[in-house]
Amino acid sequence: MKIGIIGTGVFSASIANMLAQNTENKIIMWSENKQLVTDYKKTNKLESICKDKVFPSNITLTPNYDTALKDVDVVFLMTSIQFVESACTSIKDKIDKNVLVCIGTKGITMMGEKRKFAYQIAKSILKNPLAVLSGPTFAEDVLSLDPVAFSIACRGKKNKATLLKTFENPNVKVVFTSDYIGVSLASSVKNIYAIGAGILAGLGYKESTLAYYLTAVYKELETILYMYESSLTTLHSLAGFGDLVVTCSSSKSRNYHLGLLLGKKKSKKEMDTFKENNTIEGLSSLEHCLYLFNKKHIKTPIMSAISKIVNEDEHPATLLNTIKEVKLNSIY
């Protein structure tokens, strides 16, 4: 398979490395950073992204869209959410309309005056078949080639067959769904809830409280997916339950780590330094999600409590008081 990857962040580099373990795959990554491309050609390393990691020879880098996308079988769109619109506009005339575009970008951003998921942005610009990649994975675990699993929203036998061949690897499991919006929603809100999990850890609470919190969050996520007419299967899937658990239970998550600082009531200077040096997806998703959910009259008390702690300097203990009020019975 010839695979084009748009973006050279740590997650896209990890995916490239994983796909390259199948020596039949040829991966070409696009980066706007010409110095990164030049250095990679000499060393097969992305020092500023994955220090000391030597990548397989079937991965190449280019700063040129035409080179990255020539005769590809599948494209992975892996830019940050704020660059999805410009990336889609740049590639739309450079790939055949039958080429599958798999979106690995999470979050919500503004497109014009509307808030949209990466999938919705791509759908409005590209005429290609689309897939959405999600699941309980940290980039460093993927990079280490640990056994992992992904949920992929995708339709069409041909497209699914393409992805199965692309991901062919004994340590990788792929589970398909047709719930594009549900997968997009779950992969965005889990970063918000990870901030909350970190807040509780920062307050000194341990695993039992985390389990209590996650059960309440799971109920809130159920409500959100239900109001978006999403499938209950998505809630129980790798994109729902799986991604929620891994993101909310580890300091590997930048969102969790931010919550940890909030719970410990660290100084504004320390908080600002962390935000400047890290991409915190949950912060931008928090604002956009609350706007969308309020517009649809979806009650999300846990998310609202996280917002008050983050944006209104509410005491972190507010979150614990909130989850005590959540009714844990199912609405399905």
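Tutor: Here is a walk from the whole chain down to one strand and its partner.

This is a predicted model, in which local features need pLDDT of at least 70 and side-chain atom pairs count only at pLDDT 80 or more, while totals for chains, interfaces and linings use all residues. Residues are numbered from 1 along each chain as its sequence is written, and side-chain values use heavy atoms, with hydrogens and water left out.

Let's begin with the setting. The protein has 16 helices and 10 strands; these are DSSP runs numbered from the N terminus, with helices being H or I of at least four residues and strands E of at least two. Its radius of gyration is 20 Å, close to the 20 Å that the globule rule gives for 332 residues, so the protein is as compact as a globular protein of that length. That radius is taken over C-alpha atoms, and the rule is 2.2 Å times the number of residues to the power 0.38. Along the principal axes, the C-alpha atoms fill a box of roughly 55 × 40 × 40 Å.

Of the 332 residues, 55% are buried, where buried means under 20% relative accessible area, exposed over 50%, and partly exposed in between (1.4 Å probe, protein chains only). Among contacts with a separation of 6 or more, 72% link residues 24 or more positions apart; a contact means heavy atoms within 4.5 Å.

Now to the part itself, strand β1. This strand covers residues 2–6, and five of the five are buried, so β1 is largely enclosed by the rest of the structure. Lys2, Gly4 and Ile6 point one way from the strand, whereas Ile3 and Ile5 point the other way, and all are buried.

What does β1 pair with? Its partner is strand β2 (residues 26–30), running parallel and joined to β1 by five bridges; two strands pair if DSSP finds at least two bridges between them. Within this pairing, Ile3 has Ile27 of β2 as its bridge partner, and Gly4 stands opposite Ile28. Strand β2 is mostly covered too, with four of its five residues buried.

For contrast, consider Tyr226 in helix α9 (residues 207–227). Tyr226 is partly exposed, at a relative accessible area of 41%.
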